[in-house]
Amino acid sequence: RKRHSQGKDKTQNKLKSKEDGNGVPANAKRSKPEDQGEQDAVLRPVKLSRTELYKPPTVEELNQLKEAESLFHCSLLKMQMEELLKEVALSERRKKQIDSFVKTVTEALQSVPSFPKVELGDLSWLAGSVKVPFIMMPAENAGKFQMAPPASVDLIGSYPLGTCIKPRITVDLAVTIPAEVLQTKDDMNQRYPRKRALYLAGLAQHLSSSAEIGSMRYSCLHGNRLRPLLLLTPSGKESSNFTVRLHACLPPGYFKPSRFHPQRNNIRTKWYTGLDSSDPEPPTPHYNSSVLGDMLPRAHLQFLSAVSSQCPAFAEGVALIKVWLRQRELDQGAGCFNGFLASMTLAYLLSKHRVNNNMTAYQLLRNTLHFLATTDLTETAITLARKPDSTAPSLPEFQDAFQVVFVDPSGHLNLCAEMTECTYKQVQHEASLSMQFWDDATVNGFHALLMTPKPLERTSDHIFQLLELVKLQASCKKLKLLSELMDHSGNYVRTMLPYILSLLQQGLGQRILLLTHSLSPDPEWTVEAEPPKHKAQPPLSFGLILRPDYAASVLERGPPADSPKAAEFRKLWGPRSELRRFQDGAITEAVLWTGESACEKRLVPRQIVNHLLQLHADIPESCVRYVGAMMDDVPSTGEEESLKVVQSYDDLSRKLWRLEGLPLSVTAVQGAHPALRYTQVFPPKPLKLDYSFFGKEKSSRSLLPKEGKPCPVYIEPITVVCHMEGSGKWPHDRVAIRHLKAAFHLSLGELLTKEHSYTCRPCPTHLDVWKEGYAFRVHVAYHREPQVLRESVGPDGLLVVRDNEAAQALELATVHRPLLTSTLHGLQQQHPCFGAVCRLAKRWLGAQLLSDDIREDAADLLVASLFLHPAPFTAPSSPQVGFLRFLRLLSSFDWRNNPLVVNLNSKLTAADYTDIKNDFVAGRDSLPVMFIATPSDKKLSLWTKREPSVQMMQRAVMLAAESLKVLEPQLKDGTQIQDVKVAMRPPLDAYDVLIHLLPKQVPLLKQAVDPPLVVFSRGTEAGKAGTPGGAMPVIDYNPVALYLSELRDSFGDLALFFCDPYGGTVIAVLWKPKAFKPVPFKTSEIKARRVEVKGEQAHSVPNVEAIVEDFSVMGKDLVRSVEARTERWSV
C-alpha cells in the first residue's frame, strides 16, 4: 500500500508540474501557443484528462470536419494535400540561408565600380575572360555605355511573395540600371537589350572576385534571348540548394509604356538588313513586350502582395498550381505557363470574385483548373487592368498581335506574349482532363493530379522531332518572314514555330485531339563562354494525341471540285491532291495515303507531317525524326492475323450452333483464347502443310514428325468452349459426366466431318478440329459440373460441399476465361490499339523470362486498366505509348498496399471500390502479391492467385523500371543508338545454369527477339490453306515446353526454370537457396541428392553434378550444351 501511495504521489506531482497557473494541463491545449520554444519542436505524447478527452469539439474543429466531408472525397485527400504543401514549402533554415546569401550579393553589388562612357561596341573596359550574354547581330549599333553601381537591388518574384517552392528554388533579384547608363532612344534597334547584357557582364566581372559566390552562369528568362540573366549560387555545401537570378531592369517609368504598343515598330528594317526599304515598318510586338517587361516587375510584386494579403491561402493555392504545372512539364522553357502566370491567374480570379478570399488552397486549385478548362484565352482575352490609361492598347489590338492574351494590371503588357496557341490548348486540355477525374471517387485524384509525372513521350501517342534547326533559316526566307524574324531578334526557331504548328494543325485536322510541342529549355552557359547560337538548342519535339476513329484513315476527302475551298485544299496538299469520284457519285478533291496493314495505317500522320513540312517549309524528311511506331515490329502488329482467326472462329461457331442430331442442343459457343480477343503475341496463321515433310499414320489419318528432320511448325490450338443445355439427362456423378462429355466430342466430330468435311480428332477431354489451316480445340461444358466436383458424400452419408482445385480450374476454363475473352474483345472494338499494346507487353514479359509468373490473362488485365482508367492521361491510341505506360504501371504501382481494380464494362460503383479496398486491407497477408479485382472477381484475384511470387514480382518491377530508363531516352534523344530491342534482351548474369537448346528443334525460332539468319523448313508451304479435309497434323507439339515441364516436375523443389516462350533458345536455371541446406538422411528422400557423413551424422545434399548431367540426358537431341556457372552456387 505504501509503495502504491508513493507512486500515486509522484504521478500527482508530475501532473502538477505540467499544469499552468489555472490548474489546466498545459499539454492539453487545443491551439498552439504563440511562443514556441525549441523544445516544442520535439513531439511527445499528450496525456489528457477524462474531461479533456470527451470535451465537445470546438467551432473550428467542426468547420474542419465539415470541410473535409463536403470538399474532399475523404479526409485522406485533405491530409495528402496538407502533407504535400509541407513537403514543397521552404524550411526556416533554408530561408535563413537564402536571406544571408541575398544580403551578401546585395552588399557586393553596391560596390560595383564606375567606368567612363564608351561606344556601345567598345568592350575594352570588360577585362578578364567574362563575355557579354548577347548575340550582337547586326553588329552595328549607335549609342554610349558606361558602368555604374545599380540604382537599387530589390527582391522580386516568388520568394518575397511566399510562393517559392521546392525542389527548384530560384530567388529573383532586380538590379536597377542607373538612369545615367541609359538614353532616351534606347528602346530602338536593340540598344536597351544590349546595354542590359553589357551591364550584366559588368556585374559578373565584379562578382567574380567574391569568395562567397560559388558558380556564375548566364541564362535567359524563359528562353528569351533579349532578357539574359546572371545565375549565382553560394559557395560550399549549399551550392546546389538554391539559385539567385539577377535581372537587370529599367528604372520605373523610364520609358513611356505607349512606346511599346504592340502595333508600333521599334526595330528599323534598314538597321536590321542594311537595305533600304520603301515598305511601311512592320510592328514588333514581341520585342516591345520584352523591353516593357523589364519596367514592371516591382509593380507586379506590389499587385500580387496586395492580393495575397487579402487571401490567407493564396501562397498555398499557387504552390499547388505550380506542382500541377510542373508534373505536366508546362512551367519551364520558352513560352511556358510559369509560376508567375499561375499567380496572376489566381489574382485575376480573386479580382473578378470568381473565387473567395476565404477559400482553402484546395478550392483555389480546383477553381483555377475549372477556369483554365473553360476559358480559351486564344479566343477570349482577359485583363487585370481596372482603369487603363488612354494610351493602353485595346484587347482586340493585343489579339491581332499575339496568339494568347492575358493583360497585366498596367494594361500595357501581355503576360502571355511568348506563349503559342498550342501551349495554351495543352494547358486547357490538361485542366479539362483533371476536372474530369477530380470528382470520380473511383480514381485516386491526389495521385493523378499532383503526383504523376506526364512527360511528352508518355503523354503523346506519336512524337516527332525537328533536327538540324539551322534549316529553319531557309524556311523563314521561303515563307518571307523577315518582319517576324526582326520581331524575334533573329531567333528563327521561335519565328517558325507558330507557322509550323498552324500548318500541322491544318493538315492533321480531325485526326488529332491535341498537338503539343516541347518548350525549349532555358539555355545556360558559363560567363567565360560566348552565348550559344539559336541552332544549339535541343531538337524541337512535337506530340500528337490521336483520335482513334480518324487517325488511321488513308483517305483525306476534300471539298467538291467546283467549291471555292477547292483551291485552298489544293494549295495545302500540293501535287498529292487529285480529283476522285466516290461511290455516292460525288467528285471531290482528295488525298490518298499509302497503307495496307494496320501498322502502316497508324503511320499515316507521319506521311502527312513529312509531306507538309517538305512542301511548305523546305524541311526535308531527313530532318524529321518520327518516333510514332518504333516498337510496332517487336512483335509484328498481328491485327490482320487476329482478324482472320476471329472470322474463322465465327464461322465455326455458327456451324456448331446449327448442328442437328445431337441429344442436347448447344446453348452457347464461347472463345477462350487470347487470339480471339486480339491479344495473342503471335496469332496463329492459316497453314498449308507440306505433306512430304511428315510421316503418315494411316489408321488415324495423322501426320507425324520424322526423325532427323527439324521440329515441325508449332500449331497452337484455339480454345473454344461449347456449352450444352441443362437437362435431367445429365448424371450427377463426376466420372459419368466426363464420359458423357467424351461422347459429345465424338458426336460433334462426326457431325462436323459429315456436314462440313472437317478433319476432326475426338479425345476424352476435347475435340480437335482442323479447319482452313487453323486448329480449334472444342471443349464441351456442362454448367453444373463445377458444383458436382465440389460435392462429396461424407462417412456419415451426408452431402458435403467443399471447394477444391479441380472445381476452381474447371470454372476458370469454362466460365471465367470465356467471359474475360468476350469482354476484352469488346474493349478492342472501342480502342483499336488495345490488342497491339497487349502483344507488346506480353512479348516483353516473355523476353524477360516472366511469362510464367505474369500469365497472359493477368497481363491483358493490366493493359486493360490503362484503357479503362487512364487518369491522368487519355486512353492510349498507339502501341508505343501504351507499352510505356504498362511499364510505368508495373514499376510504380503500390502493389503492397493497393488492389488494382479493373472496372470492365463499368459495372463497379464507388461503393464496390470501397468494399474491394476494405476487404483487401483486411485480408492482405493471405492475398496474392499482385491483386487484380474485376466485377466478377472482387475478392480472390483469380488470375494472379498462384503467381507471381514475392521475389518474381520484385524482379518484374525492377526490370520494368530499368526498361523505361532505356526506352524513354531513346524516344527523346536522336543521338542515342535507336534499338528498342535492348529492352527485350534479358540479363542472364543472375542465373546459375544456362541450358542452350538446338535452334533446329525450337519450333518458334522465328519469333525470337533476334532471330538467327539460318532458316529451317518446318513442314509448311507458301500459299493459302487447302480445302477442308486432309490429314491432321500433330497439334500443340512444342518440345521446348514439354522439356521445361519435365524439368519442373523433376527438379522443381531444387530450382526455378525460366525460358522465353517465343523462340527462346536458352533455359535459365536458378537454384533455390533453401534446397541446399543439408537435411538428415532419409532413404525416402534421396532423389537427386548425395549423402555426406560428418562424425556420426549423415546428411543429404543436392547432387548438383548429377542434376546438371540429367539436364542433358533428359533433353537428348534438344539440348546443345549446359553451361554451369559453378562460382554461383555452393553446397
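Helix H13 passes helix H15 in a left-handed crossing, where a crossing counts as left-handed if the near helix is turned anticlockwise from the far one by less than a right angle, and as right-handed if clockwise. The model is a predicted one, in which local features need pLDDT of at least 70 and side-chain atom pairs count only at pLDDT 80 or more, while totals for chains, interfaces and linings use all residues. Residues are numbered from 1 along each chain as its sequence is written, and side-chain values use heavy atoms, with hydrogens and water left out.

- The axes of H13 (residues 361-374) and H15 (residues 421-438) come within 7 Å and cross at roughly 125°, which makes H13 oblique to H15; helices (H or I, at least four residues) and strands (E, at least two) are DSSP runs, numbered from the N terminus.
- Axes are lines fitted to C-alpha atoms, for helices over the stretch in contact, and angles run from 0 to 180 degrees between N-to-C directions; those under 35 degrees count as roughly parallel, over 145 as roughly antiparallel, 65 to 115 as roughly perpendicular and the rest as oblique.
- For helix H28 (residues 834-847) and helix H30 (residues 879-892), the axes come within 8 Å and cross at roughly 50°, so H28 and H30 are oblique to each other, and their crossing is right-handed.
- Helix H11 (residues 314-327) and helix H12 (residues 339-351) have axes that come within 9 Å and cross at roughly 130°; H11 and H12 are therefore oblique to each other, with H11 passing H12 in a right-handed crossing.

**Domains**

- The chain is divided into domain 1 (2-14 + 981-1129), domain 2 (73-255) and domain 3 (456-554 + 604-620), with bounds that come from an automatic or database domain assignment.
- Taken over C-alpha atoms, the centres of domain 1 and domain 2 are separated by 63 Å.

**Largest cavity**

- A search of the whole structure finds 5 cavities of 30 Å³ or more, a cavity being a set of points, on a 1 Å grid over the protein atoms alone, where a 1.4 Å probe fits but cannot get out.
- The largest cavity holds about 260 Å³ of space, the volume being the space filled by probe spheres set on grid points that are joined across faces, edges and corners.
- Of the 25 residues that line the largest cavity, the closest to its centre are Asn 224, Arg 225, Leu 226, His 488 and Ser 489, lining residues being those with an atom within 4 Å of a point.
- Strand S6 (224-234) and helix H9 (285-293) are the elements that give two or more residues to this lining, which also draws at least three residues from each of domain 2 and domain 3.
- By class, the lining has 10 nonpolar, 11 polar and 4 charged residues, with Ala, Val, Leu, Ile, Met, Phe, Trp, Tyr, Cys and Pro counted as nonpolar, Asp, Glu, Lys and Arg as charged, and the others, Gly among them, as polar.

**Backbone geometry**

- The peptide bond from Met 137 to Pro 138 is cis, with omega near -5°, and Pro 138 lies in the loop between strand S1 (118-119) and strand S2 (144-145).
- The peptide bond from Lys 166 to Pro 167 is cis, with omega near 5°, and Pro 167 lies in the loop between helix H6 (158-161) and strand S4 (170-176).
- Gln 190, although not a glycine, has a positive phi of about 65° and lies in the loop between S4 and helix H7 (191-207).

Conventions. 1 Å grid on protein atoms, 1.4 Å probe; cavity = no way out; pocket = protein on both sides within 12 Å on 5 of 7 lines; lining within 4 Å.
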